[in-house]
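These are my notebook entries on one protein structure. I recorded each item as I looked it up.

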Amino acid sequence: MMSDPFALDDEPSDPPPAAVSPSAAWLDGLNPEQRQAVETTEGPVLVLSGAGTGKTRVLTTRLAHIIASGKARPWNILAVTFTNKAAREMRERVGGLVGGAAEQIWLGTFHALGAKLLRRHAGLVGLDSGFTILDTDDQLRLLKQVMEAEGVDGKRWPPQALMHTIQRWKDQGKPPARLKEDEGGDFAEGRAVALYRLYQERLRTLNACDFGDLLLHCLTIFQDPAHQDVLADYQRRFKYILVDEYQDTNVAQYLWLRLLAQSHRNLCCVGDDDQSIYSWRGAEVGNILRFERDFPGAAVIRLESNYRSTPAILAAASGLIGHNADRLGKTLRPGLPHADDGDKLVVRALWDGEEEARWVVEEVEAQQRRGVPLSQMAILVRAGFQTREFEERLITTGVPYKVVGGLRFYERQDSRDALAYFRVVAQPADDLAFERIVNLPKRGLGEASLQAVHLLARSQGLPLTQAARLLVETDELKPKARATLAALLADFERWRGLMAGTGPADLAQTVLDESGYTGLWQKEKSPDAQGRLENLKELVAALEEFDTLPGFLEHVALVMENDSRSDGAYLSIMTLHGAKGLEFDVVFLPGWEEGVFPHQRALEETGARGLEEERRLAYVGLTRARRRVFLSHAGNRRIYNQWQSSLPSRFLDELPAAVVEKSGETGLFGGGQGGWGGGWNGGSRAWRAEEPQAWAAPAPPEGGFAVGDKVFHQKFGTGRILNRDGNKLEIAFDKAGVKKVIDSFVSLA
């Protein structure tokens with residue numbers, strides 16, 4: 001029986017397994033670049049592996065080659081992945097080549113391997129080997145306790161924000177001792193670092209770690225002059241180190257690897273700088289860009305033969321990513337012969353988001369008729385809020401789908417919470433909805449108060465809201481709880497009174513804002529908080545399509561009942577981040593507009609760096625496709641419950657014109673800021689029609705529009721120009737109110 005690769009005892013002292021002769025078949029099936037990556041075993045090696053170039057095969061064959069050729073025993077090899085799934089798959093594939101020896105490789109995720117090392121040396125950082133690893137909820141609860149003990153107001157200084165800061169410090173390999181007291185900014189009046197220190201002390205008292213500690217404590221041990229013998233032992237032990245997805249490493253992971261590789265220097269890192277898309281969770285693309293400088297004499301091997309996509313898709317992806325400055329450079333080429341370049345990428349301009357959803361689903365059905373199974377098609381969006389309109393359309397047409405890596409729009413926590421508020425407004429007797437939100441956000445209603453409401457409701461056979469209304473008129477509840485509950489009931493009465501004269505969307509926004517639910521997520525500093533706010537805004541936008549709040553709630557109930565169960569295949573919907581590593585025959589990429597993709601927040605927060613990461617994300621989207629890519633952008637889109645005229649994404653201009661086929665609805669422009677082979681006609685932004693299906697926006701009058709002109713917009717109707725800023729007009733429409741639009745969307749009335 002093979003020894004447990006995560007056991008705490010010393011490595012086996014018995015002779016290594018019988019040598020396995022390297023099979024010629026392993027190497028004969030590799031192309032020259034792959035073979036070079038497998039056989040270049042000595043010294044630092046960077047394998048730049050483009051999308052679809054056989055990275056996993058290279059990694060597993062390299063591991064098998066090192067073992068089979070007798071260069072090292074399995075337990076002298078360290079192989080690091082980013083997910084448990086990848087680790088399992090790699091071990092299975094190596095086992096298929098060299099048998100049971102694969103079980104003794106130190107193979108796992110950074111966290112798993114860090115935990116293995118730390119349990120061996122826990123005493124050096126004040127822990128014992130049986131320490132507990134806290135999950136995110138436990139971490140937050142512990143940090144709240146620390147803040148409360150120090151008298152820090154959790155409402156003014158959200159614990160989630162401090163938790164996020166502490167996680168970033170740990171990603172950067174910084175324990176409290178390496179931070180200056182002012183590095184936490186003004187959080188808790190400059191006390192962030194002190195709170196971090198107290199949090200770490202509390203963890204030690206509990207004999208616990210969070211995930212960031214698993215590497216941070218290892219770094220503390222390795223960098224301590226008093227424990228250099230520990231580091232030296234592992235440096236001698238690991239003769240070969242392999243790392244997958246190196247472009248996604250953070251600073252702490254980089255330092256950990258660099259320290260372990262200092263003795264033998266046989267560090268092989270496999271990654272793709274063009275697919276570094278996780279800076280928001282600590283990944284540092286500079287780790288891969290600096291590899292040759294950090295490891296002098298390193299061999300850099302580029303895997304550029306793509307075995308996934310057609311030549312047209314590869315040309316589009318290479319043309320797009322070539323606009324990034326911070327990259328090591330490689331060009332994908334077909335790894336297999338193709339009879340032709342394949343179908344061009346379709347770029348479709350549509351009037352609005354609803355039309356876009358209709359077009360995408362119609363094209364999905366057309367592809368089905370051509371023999372493409374649903375399981376080989378995917379809709380990839382930049383942000384989670386974009387899925388709603390596609391889900392609505394798919395349910396209407398009966399096309400089975402699944403949201404990969406997340407819940408359907410109306411099943412998400414934020415959607416369910418908001419819907420519960422709306423349900424109580426529309427139907428006071430909805431006890432399930434009232435229970436969900438009576439203390440959300442936290443209102444200080446304790447278990448005793450809520451239990452009293454439940455007891456009265458059951459004994460009298462009343463809805464919870466009616467029981468609560470009776471209780472607040474008595475002395476059964478404590479004064480504070482009575483006042484809080486009375487205020488909430490008054491809020492519901494006031495919102496209910498608005499139903500007759502207020503549109504459903506405006507009413508919904510009022511409820512979310514005045515209840516404090518929007519503020520709950522605005523204060524939250526976790527990585528997904530912004531996405532939840534976007535979901536709420538998209539939910540409010542959905543109500544614009546309905547005349548009444550009850551009508552909307554009935555629609556949602558029917559949508560959630562019709563969950564598109566199917567014994568057959570599903571169409572996949574997911575974010576571009578979630579699609580990394582996957583592939584499909586046909587990929588749909590909607591929402592390629594400025595502000596949506598590239599995302600406005602990324603541009604505002606990190607400028608040029610943010611733009612380059614957004615472009616890498618676009619590259620990832622394109623390279624998920626084997627055969628067909630359909631891109632789309634809408635001239636008008638309701639974003640955060642406001643109609644906006646949208647410019648096509650600059651990324652569309654960066655696609656080589658030779659591999660793009662564009663089309664669009666009459667009256668819409670169809671280029672980006674540069675224009676594909678035709679381009680924008682001066683300042684009028686009218687598309688110069690050069691093909692039968694091209695389009696042209698109405699040209700402004702000679703001399704342009706003037707403030708006071710009466711104009712007509714196809715979506716918003718007639719209105720009068722209030723202000724003009726270049727080609728952007730602010731117009732007071734007769735029915736739609738004040739909107740900002742591009743001048744090429746309007747004509748003189």
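Entry 1. I began with helix H4 (residues 84-98), which lies across strand S2 (77-81) and strand S3. The helix runs at about 155° to S3. I then turned to helix H11 (residues 251-260), which packs on the sheet and touches S2 and S6. The direction of H11 makes about 170° with that of S2. I note here that I am working with a predicted model.

Entry 2. I asked myself in which order the strands of this open sheet of 6 strands stand. I read the order as S3-S2-S6-S7-S1-S8, and the pairing is parallel. At the edges I found strand S3 (106-109) and strand S8 (299-303). Each of them has a single partner strand, so one side of each is left without a neighbour in the sheet. On average, neighbouring strands here are turned by 15° against each other, direction ignored.

Entry 3. I looked at one pair within this sheet. Strand S6 (residues 240-243) pairs with strand S7 (residues 267-271) in the parallel sense, over 3 bridges. For Leu242, I found the bridge partner in S7 to be Cys268.

Entry 4. I next examined another open sheet, formed by 7 strands in the order S13-S14-S12-S15-S16-S11-S19, again with parallel pairing. Its edge strands are S13 (401-403) and S19 (660-664), each pairing on one side only. Neighbouring strands of this sheet are turned by 20° against each other on average, direction ignored.

Entry 5. I followed strand S11 (residues 345-350), which pairs with S19 in the parallel sense over 5 bridges. Which residue of S19 is the bridge partner of Val346? I found that it is Glu661. Helix H14 (residues 311-321) packs on this sheet, where it touches S11 and strand S16 (625-634). The direction of H14 makes about 50° with that of S16. Helix H16 (residues 387-397) lies across strand S12 (377-381), S13 and strand S14 (571-575), and I noted that it runs at about 170° to S14.

Entry 6. Is Ser415 buried or exposed? I located Ser415 in helix H17 (residues 413-426). Its relative accessibility is 0%, and therefore Ser415 counts as buried. Leaving aside neighbours within four places in sequence, Ser415 is in contact with Phe409, Tyr410 and Leu539.

Entry 7. I then looked up the nonpolar cores. In soluble globular proteins, nonpolar side chains tend to be buried together. The largest nonpolar core here has 49 residues, of which Phe422 and Phe552 touch the most other members. Beyond its neighbours within four places in sequence, Phe552 is in contact with Tyr410, Leu419, Leu539, Ala542, Leu543 and Phe546. Apart from this core lies another of 43 residues, among them Leu78, Cys218, Ala261 and Phe291.

Entry 8. Finally, I checked the confidence of the prediction. The mean pLDDT of the protein is 85, and 89% of its residues reach 70 or more. Over residues 1-10 the pLDDT stays under 50, and the model has 22 contacts beyond four places in sequence for them. Over residues 670-698 the pLDDT also stays under 50, and there the model has 80 such contacts.

Methods:
Residues numbered from 1 in each chain as written. Heavy atoms only, no water. Pairing = 2+ DSSP bridges. Helix = DSSP H or I, 4+ residues; strand = E, 2+ residues; numbered from the N terminus. Axes fitted to C-alpha atoms, helices over the stretch in contact; angles between N-to-C directions. Contact = heavy atoms within 4.5 Å. Buried < 20%, exposed > 50% of the residue type's maximum accessible area, 1.4 Å probe, protein only. pLDDT = per-residue confidence, 0-100. Core = buried A, V, L, I, M, F, W, Y, C linked by side-chain atoms within 4.5 Å.
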